[in-house]
Amino acid sequence: MPWVKAAELVSSRELMMNLTLRELRGKYKRSVLGWTWSLLNPLASMLIFTIVFSFFLKVKPPVGNPSGLHNFAFFLLCGMLPWNFLSNGMNGGMSALIGNANLIKKVYFPREVLVAAVVAAFDVSFLIELGVLAVALLAFGNFVLSWIPVVLFLIVVLTVFVLGIALMVSVMNVYFRDVQHLVGILLMLWFYATPIVYPLEYVPRQANILGQVVPLRHIYSFNPMVRFAEVFRDAMYHLRFPSWNNVLYLVVVSAITLVVGMAVFSKLEGRLAEEL
């Protein structure tokens, strides 16, 4: 019963907190730089992509409207940080159950908590990265402070979306270990099918495919990460309220993804202990 499962999850909030703290403590255990890696990793990616796409391939970012900002690095980070959260959540989710096999075999508790704790831990890193980005934007004259409530709402919606996907891939990876390899390929394709290193305007509105005129950009926009990249850029790069169509679409898709993720997890969790 859905309400029984919801009640179990609510009653496990203390366990969820402890597991999240454990994930945070162990994330950079025995690392010299520790949490500094949360900043260095996206900065290194930003530097590489900026050199390749801005200097070599001559990709031009749009001018912020109405912010007036025209900076490829900031344009890139506003799309790349949400993408990194998705990628980390999916990869972390796949190992959440396998990495806690001994705990699952010893005692009963809602197994979804293990996946949710991993996603919550990456939420903390995501918030830190966005906070540093906001400070940098302020230093360049982009007054992003008034848009922080909008960004926090978008983070909640994105977290719901990522949690739904993480629940699916985590339990599927227990039964089919090929999932982790397929997800790696999927993420690579998904990355370049999302306007992270290039503006959305680079995608043609129409394309001639096998003699048929196809509304390419319209089809392309069904990718939820296209709209997540756009709404985060709206709030942080352009300094404007995201399109209501995009916001409503993302709220609905994220809610459906979470429901489907929980349903798939519930369907397959019965034999977790045996499979692990």
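Guide: Let us begin with a term for how much of a residue is covered: buried means under 20% relative accessible area, exposed means over 50%, and partly exposed lies in between, with a 1.4 Å probe and protein chains only. By that scale V52, at 31% relative accessibility, counts as partly exposed. Please keep in mind that this is a predicted model, in which local features need pLDDT of at least 70 and side-chain atom pairs count only at pLDDT 80 or more, while totals for chains, interfaces and linings use all residues. Residues are numbered from 1 along each chain as its sequence is written, and side-chain values use heavy atoms, with hydrogens and water left out.

Visitor: What share of the 276 residues in the protein is buried?

Guide: Buried residues make up 49% of them. The protein exposes about 14200 Å², and carbon and sulfur atoms supply 69% of that area; such areas come from the Shrake-Rupley method with a 1.4 Å probe, and for residues only the protein chains shown count as cover.

Visitor: How many helices and strands are in the protein?

Guide: Helices (H or I, at least four residues) and strands (E, at least two) are DSSP runs, numbered from the N terminus. Here there are 12 helices and 2 strands, and along the sequence they follow the pattern α-α-α-α-α-α-α-α-β-β-α-α-α-α. V52, for instance, lies in helix 3, which covers residues 37-56.

Visitor: Which residue has a positive phi although it is not a glycine?

Guide: As background, most residues other than glycine have a negative phi, and most peptide bonds are trans. L239, however, has a positive phi of about 60°; L239 lies in the loop between helix 10 (224-238) and helix 11 (244-268), and at 15% relative accessibility it counts as buried. As for peptide bonds, the one from N65 to P66 is cis, with omega near 20°, and P66 lies in the loop between helix 3 and helix 4.

Visitor: How many aromatic pairs does a search of the whole structure find?

Guide: Rings of Phe, Tyr and Trp (its six-membered ring) pair if their centres lie within 6.5 Å; planes under 30 degrees apart count as stacked, over 60 as edge-to-face and the rest as tilted. The search finds 12 aromatic pairs. In one of them, the rings of F72 and F75 have their centres 6.4 Å apart and their planes at 45°, so the pair is tilted. Being 3 residues apart in helix 4 (residues 72-96), F72 and F75 are separated by about one helical turn, and both are buried. Another pair, F161 and W190, is edge-to-face, with 6.5 Å centre to centre and 80° between the planes. F161 lies in helix 7 (residues 148-175) and W190 in helix 8, so this pair ties together parts that are 29 residues apart in sequence. F161 is buried, with a relative accessible area of 3%, and W190 is buried too, at 14%. One aromatic cluster is formed by W83, F161, W190, F191, Y192 and F228.

Visitor: Which residues does V203 touch, not counting those up to four places away in sequence?

Guide: Contact means heavy atoms within 4.5 Å, and V203 touches Y198, L216, R217 and Y220. V203 lies in the loop between helix 8 (179-192) and strand 1 (207-209), and at 8% relative accessibility it counts as buried. Among contacts between residues at least 6 apart in sequence, 78% join residues at least 24 apart.

Visitor: Which side chains meet in a salt bridge?

Guide: A salt bridge is a side-chain nitrogen of Lys or Arg within 4 Å of a carboxyl oxygen of Asp or Glu. A search of the whole structure finds 1 salt bridge, in which the side chains of R240 and D234 meet at 2.9 Å, N to O. R240 counts as partly exposed at 29% relative accessibility, whereas D234 is buried, with a relative accessible area of 6%.
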